[in-house]
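This report describes the arrangement of secondary structure in the chain shown below.

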Amino acid sequence: MMNLDTSGNILITPHQRKAIVSVDCKAHSEGFGWEGIQVENYPELPASDIYCSGMDSHLLVHHTRALNGVFHHECADNRTQTRLKTGQLSFIPARADNRWLFGEGAPCALHVMINETIFERSVEQHFKKENYSQLRDDFQVTSPTLQALLRLFGMELENGGLNGRLYAESLATALSFQIVNHFGSPQNILNIDTDSNLISAYDLINDEYYRSITLDELSKLSGLSRAQFVRRFKQQFGTTPHHYLIERRIEVAKQQLKAGVYDSLAQLAIDLGFADQSHFNRHFSTITGLSPGSFSRAHRDDLNSEPIIQNSESIIQ
């Protein structure tokens, strides 16, 4: 077992972590000039028991080939024992010490790290501080949006940083938004003593906005009747569950359009859970006052740069 923080409470950097950890890193983004962003590829990991003291960066792990066996993990005071599936994600927030324990099976993983300061700079104007100041660790995460972003980072690592620093920073900004949405405190919730049974339903909409979610599913999750659930949800959040789901999808769409991490508007519509592009366009225009195309062009004009559009047919599957 290897302790990366022999000095106590000093936060280590991704570079220090990579230099001391006991497994080989096949490729990394050091030298690409990416401020506060580090990507590392670890193929065919051997049986390991690794302890890492807290980093100055948030860490997302894409399990590109999961361990064929039980995975043990400790993060701060939380302990997890599970069987990961290929393609799932794990998240370790900055400052949290953690331990990874796994046996034979040669799993593969892509690590993406975003410096805490860079992360806060990206999200502070769009989220309340309590939403992102206490991010939670999580495992067995399945999110098409997060997975797509990490695949794009993986492709850029393979390409040697070909698209440049602006592209990497745009991806990191989009990823930071998704980190808050998936691992931050629920937005708009300050104190829900009487409506705590709404939290599970609220989290489900935030996490699984990309699929069809039924009222029966949400009401059963909250332990309320359909009518009670709709009434109490609207009282708590100021809108109906259906309208909140649409707003959630549009917020994700805005982030994707700003970062340029989409193949086409038609595919983006499907990935977000809309029936088709027309359905997506109608809701986007109603909420933002602009069509998705106009919103994307306006953002590109602000950045004075060309769009960063990736052909994702081979990576978003």
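## Burial of helix 4

In this predicted model, the buried residues of helix 4 are Thr 145, Leu 146, Gln 147, Ala 148, Leu 149, Leu 150, Leu 152, Phe 153, Gly 154, Glu 156 and Leu 157. Because 11 of its 15 residues are buried, helix 4 is largely enclosed by the rest of the structure.

Helix 4 comprises residues 144–158 and extends 21 Å from its first C-alpha to its last, close to the 21 Å expected at 1.5 Å a residue. Just after helix 4, Gly 160 adopts a positive phi of about 70 degrees.

An open sheet is formed by 6 strands in the order 2-3-10-5-8-11, with antiparallel pairing. Strand 2 (27–28) and strand 11 (138–141) stand at the edges; each has a single partner strand, so one side of each is left without a neighbour in the sheet.

Within the sheet, strand 3 (residues 37–42) and strand 10 (residues 108–115) run antiparallel and are joined by 6 bridges. For Asn 41, the bridge partner in strand 10 is Leu 110.

## Helices across the sheet

Helix 2 (residues 116–123) lies across strand 5 (57–65) and strand 10, and runs at about 70 degrees to strand 10.

Helix 5 (residues 164–183) lies across strand 3, strand 5, strand 8 (89–92), strand 10 and strand 11. Relative to strand 10, helix 5 runs at about 95 degrees.

Methods
Residues are numbered from 1 along each chain as its sequence is written. This is a predicted model: local features need pLDDT of at least 70, side-chain atom pairs count only at pLDDT 80 or more; totals for chains, interfaces and linings use all residues. Side-chain values use heavy atoms; hydrogens and water are left out. Two strands pair if DSSP finds at least two bridges between them. Helices (H or I, at least four residues) and strands (E, at least two) are DSSP runs, numbered from the N terminus. Contact means heavy atoms within 4.5 Å. Axes are lines fitted to C-alpha atoms, for helices over the stretch in contact, and angles run from 0 to 180 degrees between N-to-C directions. The expected span of a helix is 1.5 Å times one less than its number of residues. Buried means under 20% relative accessible area, exposed over 50%, partly exposed in between (1.4 Å probe, protein chains only).
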